[in-house]
Amino acid sequence: MRFPERLAAFALAAGLALPALAAAPEDARNEMAAALKRQLPELAAQDYALGAAALDPAMRRAFEENAAAGEPVIAAGKALWTRKFKNGRTLAGCFPNGGRRVAAVYPQFDPRLKRVITLEMAINQCLKAHGEALYDHGDAATMGAVTAYLRSLSNGQKVTVRVPPAAEERFEQGRRLYYSRMGQRNFACASCHVQGAGKRYEDTPLSPAIGQATHWPVIRKGAPITLQERMRECLELMGAAPFPAGSDELNTLEYFLTYLSNGHTMQANAWRP
Amino acid sequence: MLLRALLIAPALIAGALPANVQAAAAPPAFTARDKGHCTACHQVSDAAAPASRADLGPRLEGARMRELGRIRLRELIHDPTRANANTVMPPFGKHRILEPAEIDRIVEYLHALP
């Protein structure tokens with residue numbers, strides 16, 4: 001089954017209230033912001049980027065105490081970023097400003113390919129263009145490390161993802177997927193991160209959808225976990241077969257989710273227990 | 001000070017004993033991650049249940065469980081979306097996360113909660 005057909009099947013199965021169909025991206029973002037404000041009236045919007053740590057003082061303290069947890073990973077990523085290819089070029093040479101302030105504008109829509117291109121895909125496009133072996137999306141030692149470094153070059157920048165008119169269909173696919181119930185447990189992403197935002201699952205507060213895309217990869221037990229790897233973990237918890245990292249499903253989901261964080265400050269390599 | 005400690009210690013031990021006894025009452029399907037994992041979302045009015053701050057679902061109180069009754073509880077665990085399409089609670093029976101006998105044991109446990 002191809003992606004749009006699979007998405008239609010999920011949409012049919014969806015029981016969670018999906019806000020107005022095919023909303024313009026900015027309307028969808030404003031609608032989400034209003035819903036989260038109702039759900040979490042005490043939480044300042046600028047703290048959304050802290051994720052679960054914004055909702056638990058003890059977790060926030062631990063988060064701050066471990067702010068440097070990603071440094072070894074970032075150093076490893078920097079080595080990959082500046083490593084010379086066989087042709088003498090580098091990853092840094094594929095991106096403007098050597099990669100500074102780049103991550104804040106990803107994912108992007110490629111009008112020629114009619115696909116959403118994530119930062120991880122852009123890295124692999126560069127490797128492919130120079131005849132280098134591609135990085136596995138789930139490999140912490142390569143893709144995880146290099147994105148940890150590249151995203152750290154955008155720390156302090158505001159997320160600024162654009163959805164041009166030609167990309168609205170992809171944005172909408174991501175939005176519908178976010179609200180679609182999936183798997184044996186019948187959860188949607190929105191079940192926890194909109195409807196349940198601020199409540200606790202087990203002992204952990206559920207982070208609000210807005211702000212979630214600002215701090216990836218996270219550093220867990222010293223290793224980087226990319227946003228799509230985390231989405232795959234969520235899908236497994238939901239009892240669904242996870243989409244592959246780099247699939248159109250996860251790319252559109254990341255596109256939607258990152259657009260929601262527009263205006264929020266990036267702080268990659270957030271520590272997680 | 002010593003006298004106070006001696007008075008408090010037996011009280012703590014006495015408080016712990018019933019908890020250990022009650023712990024056996026929660027069926028494995030109620031807590032197991034690959035089964036109901038009910039404590040991931042609900043707090044339970046059972047001192048022996050795993051301590052949790054979970055609140056995605058309402059606290060499970062014996063009086064409310066008995067008010068609902070066994071038939072209704074069984075229906076809700078089987079497929080809560082029939083009562084509320086927007087609920088985030090999984091349809092444990094409909095999606096075969098729990099076997100009918102496991103649902104029956106959970107219903108009995110909930111019905112007997114304090």
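Modeller: Of the 273 residues in chain A, 48% are buried; a residue counts as buried if 20 or more other C-beta atoms, placed from the backbone, lie within 10 Å of its own. This is a predicted model, in which local features need pLDDT of at least 70, side-chain atom pairs count only at pLDDT 80 or more, and totals for chains, interfaces and linings use all residues. Residues are numbered from 1 along each chain as its sequence is written, while chains are lettered from A and ligands numbered from 1 in the order in which they are written.

The largest nonpolar core has 95 residues. Such a core is a set of buried Ala, Val, Leu, Ile, Met, Phe, Trp, Tyr and Cys residues joined through C-beta atoms within 7 Å. V146(A), Y178(A), F256(A) and I106(B) have the most contacts inside this core. The core lies between domain 1 (25-67 + 165-272) and domain 2 (71-152) of chain A, because both give residues to it; the domain bounds come from an automatic or database domain assignment.

Apart from neighbours within four places in sequence, F256(A) is in contact with F171(A), G174(A), R175(A) and Y178(A), a contact being two residues whose C-beta atoms, placed from the backbone, lie within 7 Å. In chain A, among contacts with a separation of 6 or more, 73% join residues 24 or more positions apart.

As for confidence, the model scores ipTM 0.85 and pTM 0.87. Chain B averages a pLDDT of 82, on the predictor's scale of confidence in each residue from 0 to 100.

Methods: A residue is buried if 20 or more other C-beta atoms lie within 10 Å of its own, exposed if 12 or fewer, and partly exposed in between; C-beta atoms are placed from the backbone.
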